[in-house]
Amino acid sequence: MLRVSNIKLSIDDDKSKIKSTLLKKLKIKEKELVKYYIYKESIDARKRGKIDFVYTVDVVVNNESKILKKKLKDVVEIKQREYIGVPSGEQKLEHRPVVVGSGPAGLFASLVLAQRGYMPIMLERGLDVDNRTNDINNFWIDRKFKSNSNVQFGEGGAGTFSDGKLTTRIKDIRCRKVLEEFVNFGAPDEILYSNKPHVGTDILKNVVKNIREEIIRLGGSVKFDAKVTQINVENSKIKSVVVNDKETIDTNVVILAIGHSARDTYEMLYEKGVKIIQKPFAIGARIEHPQTLINKSQYKEFYNHKRLGAADYKLIEHTSNGRTAYTFCMCPGGTVIASASEEGEVVTNGMSEHARDKKNANSAFLVNVKPSDFGSDHPLAGVEFQRKYEKLAYELGGRNYNAPVQLVGDFLQDRVSTELGTVEPSYKPGYTFANLKDCLPKFVCETMKEALPKLDKKLNGFSMYDAVLTGVETRSSAPIRIVRDEETLESVNVEKLYPCGEGAGYAGGIVTAAVDGIKCAEKIIEQYLQLK
């Protein structure tokens with residue numbers, strides 16, 4: 001198959017024009033073209049007064065070798081377009097493999113194992129997505145917090161209540177597998193070729209439910225409200241896991257896809273002697289603007305064009321103190337959400353539905369945190385660092401899960417806001433005006449203050465006075481890494497324990513976590529015979 005890149009159409013051109021442009025690039029007649037697929041679609045809005053859609057297309061032709069001999073510009077041969085699984089091993093599995101966690105890493109590890117006949121048992125400490133949704137709504141509306149059913153814990157993991165971004169910087173054929181499975185289970189086809197694919201929380205909730213049902217159909221098991229409270233290890237090998245301090249499940253293989261907020265599980269693993277080290281992460285606040293401002297800044301006079309959805313952005317600034325301020329997990333047309341996983345703490349995140357049609361845009365606005373900032377050499381010191389500022393935010397908000405809020409203009413002038421401007425904070429259950437310097441480290445505030453006017457030059461309006469900062473965002477990634485062997489992916493000191501995904505410190509985002517889950521599943525498949 002051939003891959004043809006840099007096919008440009010104007011914003012008003014119909015997609016049907018791809019075919020004629022493709023024929024010209026390949027210098028072939030229509031009868032020589034067997035079929036083509038859009039592999040990637042992106043938007044080029046760099047030139048004022050002009051917006052193009054740029055396509056990369058995979059092509060099947062009658063005489064591929066003849067075309068390759070021409071050495072045409074933007075035309076390459078591709079050997080593998082689809083994911084091909086690894087061959088099964090020959091060892092006998094004594095017990096069914098256990099997957100701890102149902103976020104993207106755990107979900108895709110379980111799906112691949114089930115598809116290959118290994119009948120995994122997936123254990124999720126939270127609840128199924130329907131009950132979880134009810135509990136989260138009760139928290140956002142009535143402040144009724146549940147420690148086992150919230151934005152961090154439950155079916156689909158933290159990503160279920162997010163923008164559902166499927167962007168990634170990794171180049172891995174497994175990414176294609178992840179996108180195709182999302183489509184198989186209910187996501188829109190466009191994620192297969194969009195340059196910045198996203199699903200949206202409204203669709204993602206059904207997708208994860210459908211994947212769960214497929215795992216069960218294929219012989220796997222899924223247990224909710226099933227927190228792993230102990231792992232039993234003998235001679236540095238996994239023997240069993242204990243669920244809710246009472247049920248023991250014998251197993252010799254465990255994929256540990258626990259997510260970045262499973263702090264009590266981190267503590268249990270540390271006490272068991274599993275090697276854990278500190279890892280840098282980032283903290284800051286959510287920043288909200290009118291979505292129309294972002295659209296106009298990015299698309300200029302085309303901002304209201306029917307083919308363009310809500311615009312996004314990605315910004316970064318290196319400051320004079322050696323720190324970096326950057327935006328993360330930008331949610332066009334979305335909301336800022338209450339994301340606490342422990343009582344007495346305020347944590348924010350962002351969420352969008354598929355339509356991205358809410359009036360505000362929001363993004364994490366973060367500053368990098370180094371292990372040297374933690375104040376301790378303890379492997380879990382980063383967790384305590386997070387907790388400190390989440391508790392301060394809870395106190396500052398009024399001890400009722402209100403989030404502390406400050407206008408950007410007031411933040412820059414170091415004063416508490418007294419009234420809103422053009423941006424209404426979307427955070428529920430509510431907000432309290434405060435000075436964010438009282439719930440963030442000094443170096444974080446200094447870095448943000450220096451970066452804001454500089455970032456405004458990159459995105460006009462970014463530091464507008466009325467933009468709203470909502471504190472605090474602390475869960476951009478795990479503050480620890482559960483150390484694993486680079487080749488086997490097993491824990492360096494517990495055999496057949498596979499630390500996996502974002503919570504183990506090996507991924508960032510839905511796709512990278514899902515790919516890591518697939519990799520861990522493959523390591524099991526390569527060693528063992530199927531159970532089914």
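The largest cavity in this predicted model has a volume of about 70 Å³, and the structure holds one cavity of 30 Å³ or more. Its lining is made up of S102, G103, P104, L107, F108, G156, G159, T160, F182, L204, V208 and I510. By residue class, this lining divides into seven nonpolar and five polar residues, with no charged residue among them. Two helices, α3 (104-115) and α6 (201-217), each supply at least two residues of the lining, and the largest share, three residues, comes from α3.

Helix α6, which contributes to the cavity lining, is also one of the elements against which the buried residues of helix α4 pack, together with the strands β16 (335-338) and β17 (348-351). Within α4, the buried positions are V129, R132, T133, D135, I136, F139 and W140. When the helix is viewed down its axis, these buried residues fall within an arc of 165 degrees, and they therefore line one face of α4. Just after the helix, R143 adopts a positive phi of about 65 degrees.

How values were computed
Residues are numbered from 1 along each chain as its sequence is written. This is a predicted model: local features need pLDDT of at least 70, side-chain atom pairs count only at pLDDT 80 or more; totals for chains, interfaces and linings use all residues. Side-chain values use heavy atoms; hydrogens and water are left out. On a 1 Å grid over the protein atoms alone, a cavity is a set of points where a 1.4 Å probe fits but cannot get out, and a pocket is an open set with protein on both sides within 12 Å along at least five of seven lines; lining residues have an atom within 4 Å of a point. Grid points are joined across faces, edges and corners, and a volume is the space filled by probe spheres set on the points. Helices (H or I, at least four residues) and strands (E, at least two) are DSSP runs, numbered from the N terminus. Ala, Val, Leu, Ile, Met, Phe, Trp, Tyr, Cys and Pro count as nonpolar, Asp, Glu, Lys and Arg as charged, and the others, Gly among them, as polar. Buried means under 20% relative accessible area, exposed over 50%, partly exposed in between (1.4 Å probe, protein chains only). The arc is that of the directions from the helix axis to the C-beta atoms. Contact means heavy atoms within 4.5 Å.
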